[in-house]
Amino acid sequence: MQLPKLGLVVFTFGNVSVADRNMGVFAIKPSGVPYEEMTPDSMVIVDFKGKVIDGKLRPSSDTLSHAVLYEQWNGISSVAHTHSTYATSWAQSLRDIPLYGTTHADHLTTDIPCAPPMEDNMVRGNYEYETGFQIVNFLKWKGMDYGEVEMILVGSHGPFSWGKTPEKAVYNIAILEELAKMAYLTEQIAPDANRMKDTLIKKHYERKHGPGSYYGQK
Ligand SMILES: [Zn+2]
């Protein structure tokens, strides 16, 4: 319900799921149901292979992408996906989002990766399932840890995020949109803008993360 509230989706776009790792299942939004009509009862329960276990409605069309992420990554318990305007525009431009400032560095120390558009055989095959693998394989190929980088763009498509809780996955997808917007505006003001310097990147990330962190309340 936070996705439309935060202006990240229109109509029935987007989806969030939440896993129960002990039971090996996740709950996901039903397909094509407006957010304001959704209730806990309309959620669909699916296993990590994408098989519906419980629920009266059809699950989100992106369910298999979520299932692959849960199956491949033990450390996550929620996945979010939107077609929010700025993040999707970067995805359509097939560009990583450059790390231009401290807002970005507070969340991750690298550019936000953009996986290439999927190969034809993946698109013609089990498309949503392959989208999950495109995310997992690209992050691995980049040498990135899903615990450190909790957001990605899929080229020609849009943003995906994840986290240990649904609050964190939704926070990440909202932050991704904000960073995408700031990076876009930065390039409008300064087309030859440079990435922020390394000392600032390190400083800002360590303020919020790691042993010496001092941001927020303990
Ligand atoms: Zn999508």
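**Ground rules.** This is a predicted model, where local features need pLDDT of at least 70, side-chain atom pairs count only at pLDDT 80 or more, and totals for chains, interfaces and linings use all residues. Residues are numbered from 1 along each chain as its sequence is written, and side-chain values use heavy atoms, with hydrogens and water left out.

**Sheet.** I looked up the strand order. Eight strands form an open sheet, S4-S3-S2-S1-S5-S8-S7-S6, with mixed pairing. Strand S4 (52–54) and strand S6 (114–115) are the edge strands, each pairing on one side only. For the terms: helices (H or I, at least four residues) and strands (E, at least two) are DSSP runs numbered from the N terminus. Two strands pair if DSSP finds at least two bridges between them.

I then followed some neighbours. S1 and S2 run antiparallel, joined by four bridges. Serine 17 has isoleucine 28 in S2 as its bridge partner. The hairpin of S1 and S2 has four residues between the strands, and glycine 24 there takes a positive phi near 65°. S2 also pairs with S3 in the antiparallel sense, over four bridges. Here alanine 27 stands opposite isoleucine 45 in S3. Further along, four bridges join S5 (residues 78–81) to S8 (residues 158–163), and these strands run antiparallel. Serine 78 faces glycine 163 in S8.

Histidine 157 counts as buried at 14%. Buried means under 20% relative accessible area, exposed over 50%, and partly exposed in between (1.4 Å probe, protein chains only).

**Rings.** I searched the whole structure and got eight aromatic pairs. Rings of Phe, Tyr and Trp (its six-membered ring) pair if their centres lie within 6.5 Å; planes under 30 degrees apart count as stacked, over 60 as edge-to-face, the rest as tilted. The rings of phenylalanine 26 and phenylalanine 48 have centres 6.3 Å apart and planes at 25°, so they are stacked. Phenylalanine 26 and tyrosine 70 form a tilted pair, 4.9 Å centre to centre with 40° between the planes. That pair links strand S2 with helix H2 (residues 63–72), 44 residues apart. Phe26, Phe48 and Tyr70 form one aromatic cluster. Phenylalanine 26 is buried at 1% relative accessible area, and tyrosine 70 is buried at 0%. Phenylalanine 48 is buried too.

**Surface.** Last, I noted a nonpolar surface patch of about 340 Å², made by Val10, Phe11 and Phe13. Phenylalanine 13 lies in the loop between helix H1 (2–5) and strand S1 (15–20). Its relative accessible area is 38%, so phenylalanine 13 is partly exposed. Patches are made of residues with over 30% relative accessible area and no salt bridge; like charges are joined within 9 Å, nonpolar side chains (Val, Leu, Ile, Met, Phe, Trp, Tyr) within 5 Å. A salt bridge is a side-chain nitrogen of Lys or Arg within 4 Å of a carboxyl oxygen of Asp or Glu.

Key:
Accessible areas come from the Shrake-Rupley method with a 1.4 Å probe; for residues, only the protein chains shown count as cover.
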